[in-house]
Amino acid sequence: MHKRIIPCLDVNKGRVVKGVKFVDLKDAGDPVEIAKGYVAAGADELVFLDITATHEGRGTVLDMVRRVAEAVSIPFAVGGGIATVDDFEAVLNAGADKASLGSAAVRNPDLINEIAEKFGSNRVIAAIDVRKSESGSQYDVIIDGGRTNTGMNALEWAKEAEKRGVGEILLTSMDCDGMKTGYDNEVTALISSNVDIPVTASGGAGNMEHFYEALTIGGASAALAASLFHFKEVDIMELKKYLQDKGISVRL
């Protein structure tokens, strides 16, 4: 199986934004143009996150999904604020290949079963945000865009989400996010070695070696990054050639 490289685009009211830890947001452009650029650059998939996920913005997001679907040929996923079967269906109907469930699935785990049964596991991503507990004994599941620590054990939740029917996990380390010091390979390895579905590492990429470490030490199936790609600090094709030279199977 090829390892995947996935740029993540944060979307606010239908525009791509860049910020640090969700503050100081700056407009970075039109999602369709940016998506096309990433397809040309060699991305395997794209993830769009509706970071405000307010219902006022929902129409704008669906319009964006439709426009992106018409313009790109690679799979793309949409996440943020998907709380019901109808929300999920609307995003797929607009053209997304997959959608992610985060806070809503933690609050109502049966939602995963309903959605997986209706649309198939291959279209359902569990977005799991984690932070190491104060005691250091486990990784806690964090919801509400980083605001609420549930105290739930991240490994147990990942295993439950898989049992309920998610097809892959998008694992974001809140400790590493935006730090550019590398992915949290400890939690990535913990989760990836205990589930049979693909795990995408997210949070902390700062250079090409960090991707290599996430895909080997962390055992991730894919690595996701945002600002590193947006600010052209790492070129996707150069990254893939680097990974291939180090023995990682990637799509060139």
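This is a predicted model: local features need pLDDT of at least 70, side-chain atom pairs count only at pLDDT 80 or more; totals for chains, interfaces and linings use all residues.

Residues are numbered from 1 along each chain as its sequence is written, and side-chain values use heavy atoms, with hydrogens and water left out.

The protein has 10 helices and 12 strands (DSSP runs, H or I of at least four residues for helices and E of at least two for strands, numbered from the N terminus). Its C-alpha trace spans about 45 × 45 × 35 Å along the principal axes. Of the 252 residues, 50% count as buried, meaning under 20% relative accessible area with a 1.4 Å probe, protein chains only.

Now find D30, in the loop between β3 (23–29) and α1 (31–41). With a relative accessible area of 18%, D30 is buried. Its side chain makes a polar contact of 2.6 Å with that of R67 (N or O atoms within 3.5 Å; within protein, one must be able to donate a hydrogen and the other to accept it, and residues adjacent in sequence count only if both atoms are side-chain atoms).

Next, go to D184, in the loop between β10 (168–173) and α7 (185–192). What does the side chain of D184 reach at 3.1 Å? That is the backbone nitrogen of E186, and the D184 side chain also reaches the backbone nitrogen of V187, at 3.2 Å.
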